[in-house]
Amino acid sequence: MKITIDKSACSGHARCAVAAPELFRLDDDGYALPFDGEVPEGLEAAAHDGERACPERAITVE
Ligand code: SF4
């Protein structure tokens, strides 16, 4: 499972990091940082929580 963050759509709401802080990190301005690699086992639901939390639909989990 992978997470893709569309930086051009991200508006820095930080809701992804609130919903799933173990997966989503923010830069100093509150914008989501790119996610590298695979979602660790057991965090699949958290990945979808972060995806749903983003009001800009900037997060894709596949
Ligand atoms: S919730 Fe969406 S818009 Fe907000 S920081 Fe996360 S990816 Fe960006």
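Is Asp-6 buried, partly exposed or exposed? Asp-6 is partly exposed, because 13 other C-beta atoms lie within 10 Å.

Before I continue, a word on the source. This is a predicted model, in which local features need pLDDT of at least 70 and side-chain atom pairs count only at pLDDT 80 or more, while totals for chains, interfaces and linings use all residues. Residues are numbered from 1 along each chain as its sequence is written.

Asp-6 sits in the loop between strand 1 and helix 1. Here helices (H or I, at least four residues) and strands (E, at least two) are DSSP runs, numbered from the N terminus. Between the C-alpha atoms of Asp-6 and Asp-36, which are 30 residues apart along the chain, the separation is 13 Å.

The loop between strand 1 (3-5) and helix 1 (15-19) also holds Ala-14. Its phi is positive, near 70°, in a residue other than glycine. Ala-14 counts as partly exposed because it has 17 C-beta neighbours inside 10 Å. The C-alpha atom of Ala-14 is 9.8 Å from that of Asp-27, 13 residues apart along the chain. Asp-27 itself belongs to the loop between helix 1 and helix 2, and with 11 other C-beta atoms within 10 Å it is exposed.

I turn now to helix 2. Which of its residues are buried? They are Ala-47, Gly-50 and Glu-51. Seen down the axis of helix 2, these buried residues fall within an arc of 100°, so they line one face of the helix; the arc is that of the directions from the helix axis to the C-beta atoms. In general, an α-helix has 3.6 residues a turn, so residues three or four places apart point the same way. The cover over the buried residues of helix 2 includes strand 1, helix 1 and strand 2, where contact requires C-beta atoms, placed from the backbone, within 7 Å.

Beyond that helix, in the loop between helix 2 (44-53) and strand 2 (59-61), lies Arg-57. Arg-57 is not a glycine, yet its phi is positive, about 55°. Arg-57 is exposed, since 10 other C-beta atoms lie within 10 Å.

Finally, the ligand. Of the 15 residues around the ligand, Cys-10, His-13, Cys-16, Ala-32 and Cys-54 come nearest; a residue is near if its C-beta atom, placed from the backbone, lies within 6 Å.

Note on methods
A residue is buried if 20 or more other C-beta atoms lie within 10 Å of its own, exposed if 12 or fewer, and partly exposed in between; C-beta atoms are placed from the backbone. Two residues are in contact if their C-beta atoms, placed from the backbone, lie within 7 Å.
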